[in-house]
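Me: Please take me through one part of this structure, up close. Start with a loop, then move on to the packing.

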Amino acid sequence: MNTTQNRIRAIAAGSGWVALAATLLPGGSFVRWLPVLLFVCFGPGLALLHPQPHGLRPGARLEAFALTAPISLSLAALTATLLFLVGGFSVPAFLIPLAAFTTVVALLPGLPLPAATVGAVEPEAAEPFRFRKRGPGGGR
């Protein structure tokens, strides 16, 4: 495993705890809400998808980047809903489970992505759509 992947794992694992520490700053401060927003939008998804054991192909990098935010926001919505249902929602109560989950998941290999395992098309090897030959029967 290379050092870049280790750095990304460390950033993902520590981002939740940095966001939790930022909540101790005065309310309404830019320095307070920015780490929380970035962690909730990207932290758990980055920890789940990026640490691939053999790196990512170019097609898989785009796929992992595109899926990071929706997965993170889905986990955040599930956590917030659960906390609202039990009547215990607060920002620290919301961030602690997400930060713990992100830390644990950052230590595990990433979820397999189809573009990472199936022959992802390299950009220079891709044939432009306009110049593809049509099969028998024409078609549009």
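Reply: Helices here are DSSP runs (H or I, at least four residues), and they are numbered from the N terminus. This is a predicted model, where local features need pLDDT of at least 70, side-chain atom pairs count only at pLDDT 80 or more, and totals for chains, interfaces and linings use all residues. Residues are numbered from 1 along each chain as its sequence is written, and side-chain values use heavy atoms, with hydrogens and water left out.

Now find T23. T23 sits in the loop between α1 and α2. T23 is buried, at 12% relative accessible area. Buried means under 20%, exposed over 50%, and partly exposed in between, using a 1.4 Å probe and protein chains only. What does T23 touch? Leaving out residues up to four places away in sequence, T23 is in contact with R32, V36, V91 and L95. Contact means heavy atoms within 4.5 Å.

Two of those names, V36 and L95, return in the largest nonpolar core. A nonpolar core is a set of buried Ala, Val, Leu, Ile, Met, Phe, Trp, Tyr and Cys residues joined through side-chain atoms within 4.5 Å. The largest one has 12 residues, including A19, L20, F39 and L83. Two or more residues come from each of α1 (3-22), α2 (30-49), α3 (58-85) and α4 (91-106). The biggest share, four residues, is from α4.
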